[in-house]
Amino acid sequence: MTRSATKSSPVELETKSRVDDLISRMTLREKIGQMTQFAGQGGIPNNLRESIKKGLVGSILNQVGVDTLNEIQRIAVDESRLGIPIIIGRDVIHGFQTMMPIPLGQAASWNPKVVEKGAEVAAAEAARYGVHWTFAPMVDITRDPRWGRIAESLGEDPFLASRVGEAMVKGFQGKDLSQPDRIAACAKHFAGYGYSEAGRDYAYVNISENELRNIVFPPFKACLDAGAATFMTAFSDLNGVPATGNEFLTKRVLRDEWKFDGFVVSDWDSVIQLITHGFSENEKEAAREAVQAWVDMEMASRTYLQNIESLVKEERIPMENIDRAVRAILSVKEKLGLFERPYTNPELFPVNGNEKYMDVAKEAAIQSCVLLKNDYQTLPLNRDKIKSLAVIGPLADDGFEQMGTWTFDGVEEWCQTPLQAIREKAGDEFEIHVAKGVDTTRSKDKHGFAEAIDAARKADTVVMFMGEEAILSGEAHCRADIDLPGVQNELLREISKLGKSTILVVMAGRPLTLDQTRHYVNSMMYAWHPGTMGGPAIADLLFGDATPSGKLPVSFPKMVGQIPIYYNQRNSGKPASHDSFTHIDHIPSRATQTSVGNTAFHMDAGFEPLYPFGFGLSYAHFEYYNLRQSKDSFTKKETIEIQVDVHNPSRYQGAEVVQLYVRDVAGNITRPVKELKGFKRVNLDPGETKNVSFKIKPRDLSFYDRNNKLIIEPGLFYFWVGGNSNAELGGKFHLIENLDQNQNNA
Ligand code: NOJ
């Protein structure tokens with residue numbers, strides 16, 4: 001397979017590298033052209049053709065159609081003065097035509113290998129259509145499920161998001177970016193976007209440098225270390241300096257400290273939005289600010305094309321900065337092999353949506369589902385016992401909605417829905433009664449209730465498919481009320497009155513508040529938006545042909561007022577506990593005001609989420625014992641090993657994600673009450689026991705101190721090992737400066 005076309009290189013290489021040679025021959029205008037990304041215009045209108053010929057288009061995004069893209073390349077290669085190919089970008093976020101679960105769902109698999117495979121499939125499918133560059137992964141840490149883009153995120157934890165983010169980068173890019181079936185990744189949005197105030201997209205973010213370094217930056221750094229070719233800035237205003245004009249972010253941290261040598265693209269119009277933010281007075285100043293912050297390519301708006309030339313002539317932007325930006329852009333094009341193979345020949349790729357790709361999508365969907373509740377072991381369903389099943393809800397049979405957000409190229413017809421898959425499982429063995437109940441998840445019309453109740457009445461077991469349509473999450477789709485939308489809770493309540501064994505499968509782009517909902521059902525499985533193969537994956541899980549193994553990548557609040565609620569919080573001076581909590585209903589009327597004995601809780605919601613980070617049930621059951629550690633204390637040159645035995649006493653085969661949490665008891669700055677430091681997924685047969693081991697190196701315990709310096713600080717640490725962030729089995733160790741200190745500690 002090749003990226004096709006055997007056009008000889010447009011540039012004769014002698015002693016200089018191709019990139020240096022080009023830079024030495026480019027006019028300033030052509031350089032600015034490389035720094036400009038045009039939005040696709042649905043074809044090749046004359047203005048685009050002319051701009052390409054003049055060398056003014058470095059990149060195009062969201063232009064589809066392989067023939068059009070090849071023609072665009074032909075114009076660039078054959079008709080522009082220097083023949084520099086164009087890099088084609090597209091939002092390939094969780095699949096191209098074969099959709100994987102939404103990124104938040106993929107994070108719930110806690111399985112970097114599965115995530116990497118999904119990105120590999122996405123890359124191959126997209127490359128077949130002439131795409132060279134995806135705007136993924138989005139590794140913005142977020143603690144706010146109101147924010148629509150939580151769907152595209154990898155959750156609340158820097159460690160998990162780092163492992164999943166780097167897996168995506170590896171999957172998209174492979175080991176060699178010039179392989180025709182690989183595409184360049186883009187770690188976005190640098191940085192802080194996920195902290196949008198009140199979960200309102202594009203809103204202001206206020207994050208201390210220390211928080212940036214300890215929580216927000218690590219997944220970006222992990223993507224960089226995994227080789228991410230590009231970064232994208234954020235729309236947001238970070239502490240008064242919008243990310244697209246923020247020298248601290250894109251120059252000081254990304255380039256000076258981290259030595260990133262790929263290129264940075266702005267977000268859509270985010271350069272021109274510097275004016276709207278109230279940061280730049282006009283387009284020229286906006287362009288200057290962005291270039292000065294080392295934002296190399298401008299997406300969509302054209303302030304660079306229109307202003308950089310005069311800014312350079314006026315010596316307000318140094319020429320070296322332009323050359324640096326162009327060098328970074330051309331180098332990525334070179335790494336992609338675009339100079340050798342600018343054209344795409346789809347026939348040289350496997351067809352999209354092939355069986356292998358579908359298997360990857362199915363496995364990803366299976367591993368992303370999180371079992372939240374399973375009273376009386378309602379699940380798995382027993383095919384031999386069921387006589388009739390009711391399948392109810394607006395999301396039982398809707399391929400489009402199950403794909404989720406960011407699915408421009410996803411093929412609805414390829415989607416296999418839960419209803420189709422359940423019918424297949426049923427064959428002639430049991431009856432299925434189907435009703436939608438409500439037309440859409442948002443609908444307030446209750447006309448369908450009667451039919452749904454009737455279907456449920458006829459069945460011995462009821463499976464409800466509810467949640468959120470795809471459009472209720474994603475960019476610019478934030479919600480203030482994150483209960484099941486519409487009248488879905490009411491329908492559930494009516495069905496629950498029948499006293500049937502009821503299972504709820506939730507498909508949604510965010511954690512919903514399920515405190516009320518969960519009481520209406522025996523079992524609840526969270527399937528996120530599971531993608532093309534969501535149906536067969538869910539059906540396998542429901543009928544026990546697969547066992548749920550997903551774990552929450554984000555805490556689920558009981559109610560909106562608890563947000564932000566996340567596991568790795570700081571302790572405060574008055575941490576809440578079950579002993580210190582007083583419920584609002586238990587406070588006597590006319591009670592005298594006192595704060596003594598009170599702690600950090602909400603009187604009406606307590607202090608815990610509904611479901612904690614890392615939580616997820618299985619049909620199997622896991623016991624942890626025999627915890628041991630290689631040392632009680634270790635020096636900065638040593639490693640400590642923690643081991644535990646995990647046993648599956650159940651009759652089901654299952655996979656457990658064993659998690660390691662650490663607490664730095666006292667620090668130069670206060671430290672989180674718990675931090676995820678490792679996880680391992682282990683498969684256990686019935687009756688099987690496996691030894692799971694974690695190694696902790698001193699640098700795993702490092703953090704940025706009050707001067708924002710990375711330190712490894714000796715001291716006492718607690719640790720816990722278990723199946724979620726509330727794990728109780730644990731111990732402690734000391735990190736010591738040297739062995740003498742060991743004696744002092746003894
Ligand atoms: C805006 C989004 O914020 C960004 O993530 C995306 O990649 C671009 N638009 C391009 O579509």
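Helices here are DSSP runs of H or I with at least four residues, strands are runs of E with at least two, and both are numbered from the N terminus. Axes are lines fitted to C-alpha atoms, for helices over the stretch in contact, and angles run from 0 to 180 degrees between N-to-C directions. Contact means heavy atoms within 4.5 Å.

The model is predicted: local features need pLDDT of at least 70, side-chain atom pairs count only at pLDDT 80 or more, and totals for chains, interfaces and linings use all residues. Residues are numbered from 1 along each chain as its sequence is written, and side-chain values use heavy atoms, with hydrogens and water left out.

S14 (residues 461–467) pairs with S15 (residues 501–507) in the parallel sense, over seven bridges. Two strands count as paired if DSSP finds at least two bridges between them.

Move to strand S21, residues 675–684. Seven of its 10 residues are buried, so the strand is largely enclosed by the rest of the structure. Buried means under 20% relative accessible area, exposed means over 50%, and partly exposed is in between (1.4 Å probe, protein chains only). S21 pairs with S20 (residues 654–664) in the antiparallel sense over nine bridges. Select Gln 659 and look for its bridge partner in S21, Phe 679.

Helix H8, residues 209–216, is the next stop. It is mostly covered, with seven of its eight residues buried. Among the buried ones are Asn 210, Glu 211, Arg 213 and Val 216. To see what covers them, show helices H7 (158–173), H9 (218–225) and H10 (247–257), together with strands S7 (237–238) and S23 (703–704), which are included in that cover.

Then select helices H12 (residues 283–292) and H13 (residues 303–313). They pack at an angle of about 80°, with their axes 9 Å apart. That makes H12 roughly perpendicular to H13, a term for angles of 65 to 115 degrees; under 35 counts as roughly parallel, over 145 as roughly antiparallel, and the rest as oblique. Residues of H12 that meet H13 include Glu 283, Ala 287 and Val 291, and those on the H13 side include Tyr 304, Ile 308 and Leu 311.

Select Cys 186 and Cys 223. Which cysteine sulfur is closest to that of Cys 186? It is the one in Cys 223, 9.7 Å away and too far for a bond. Both residues are buried, Cys 186 with a relative accessible area of 0% and Cys 223 also with 0%. With a disulfide taken as a pair of cysteine sulfur atoms within 2.5 Å, the count comes to zero.

Finish at Leu 348, in the loop between helix H14 (319–335) and helix H15 (355–368). Leu 348 is partly exposed, with a relative accessible area of 36%.
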